[in-house]
Structure formats: C-alpha cells, structure tokens
Amino acid sequence: MDNCLFCKIINGDIPSDKLYEDDDVFAFRDISPQAPIHFLIIPKKHLRGPAAVGADDEKLIGKMLRIGADLARQEGVGDAFRVVFNNGAGAGQSVFHIHMHILGGRSMNWPPG
Ligand code: AMP
C-alpha cells in the first residue's frame, strides 16, 4: 500500500527499531512506548485491521502471536505480557495496517481503562 506508514517501515523507507523479520512478519519497538517493553508485530501483507482478517490469514495471525511470545521472552518479560489489537478509530486504532501490541515490564491493571 503506497500510503501506509507500516508498509513503509517494512520496506525500509521509514526507519524503525527492528526486533525481528522473516518472509511473513516484521517486529519493531513502538515509538511511543506505554510500558517498559512495548513492541509491535505486523504482517507484511497489508490488512487494514483485525476485522479485515480472512480465513486465508488465520495461520499468519497465529504466527504473529508465536513470534510475539518468543520476542517477549527474549526481551526479558517471561510470560508476563499483554497482547492488544485495536480495531477501528473508535477503539484507538491510529495506523490502519493490522498490528499486535506486546506490552510488559510493569504491572498492568485489568481490566484496562
Ligand atoms: P494503534 O493506536 O493501535 O493504531 O497503534 C499504533 C501504534 O503505532 C502506536 O502505539 C504508535 O505509538 C505506534 N507508532 C506510530 N508510528 C510509529 C513509528 N514510526 N515507529 C514505531 N511505532 C509507531
């Protein structure tokens, strides 16, 4: 997608603090971290958000979760992390390329506000 911020990060047109990349997914630190550890996993395939996930994408979304958990461990938060997907502007989505937030490194209240 020409005008997508996260597609530009994947292509290297916009720099990022990359944690991981393979043929399917890309992971990088959030530029405005909401926890000591806060990074994003995105698929290289442009999908607008969680509601745009189709049956063909189910394996890809599972892979994002597996890579995210591996990276959380690598970042030292063990099994204490939160996974967030925002869908739609009304729920706080600001970048319309699906992304999985991983947050950890502090105690996080549940339910969130
Ligand atoms: P959301 O609000 O769920 O759409 O999340 C978008 C996230 O992308 C926010 O947490 C932003 O801080 C993050 N973000 C925006 N631009 C960049 C960037 N250039 N590099 C890293 N993270 C970014």
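Residues are numbered from 1 along each chain as its sequence is written, and side-chain values use heavy atoms, leaving out hydrogens and water. Because this is a predicted model, local features need pLDDT of at least 70 and side-chain atom pairs count only at pLDDT 80 or more, while totals for chains, interfaces and linings use all residues.

Let's start with the sheet. It is open and has 5 strands, in the order β1-β2-β3-β5-β4, with antiparallel pairing. At the edges are β1 (18–21) and β4, each pairing on one side only. On average, neighbouring strands are turned by 20° against each other, direction ignored. A word on terms: strands (E, at least two residues) and helices (H or I, at least four) are DSSP runs numbered from the N terminus, and two strands pair if DSSP finds at least two bridges between them.

Helix α2, residues 58–74, packs on this sheet and touches β1, β2 (25–29), β3 (37–43), β4 and β5. Contact here means heavy atoms within 4.5 Å. The direction of α2 makes about 155° with that of β3; such angles run from 0 to 180 degrees between N-to-C directions, with axes fitted to C-alpha atoms, for helices over the stretch in contact.

Now, how many residues of β3 are buried? The count is 7 of the 7, so β3 is largely enclosed by the rest of the structure. Buried means under 20% relative accessible area, exposed means over 50%, and partly exposed lies in between, with a 1.4 Å probe and protein chains only. I37, F39, I41 and P43 point one way from β3, while H38, L40 and I42 point the other way.

What about the partners of β3? Antiparallel pairing joins β2 to β3 by 5 bridges, and V25 stands opposite P43. β3 and β5 are also antiparallel, over 5 bridges, and here L40 faces H101 in β5. V84 stands opposite H101 too, and β4 and β5 pair in the antiparallel sense over 4 bridges.

Finally, the outside. G76 sits in the loop between α2 and β4 and counts as exposed, at 63% relative accessibility. The C-alpha atoms of G76 and C4 are separated by 31 Å. In the loop between β4 (81–84) and β5 (100–104) we find F85, which is partly exposed at 32% relative accessibility.
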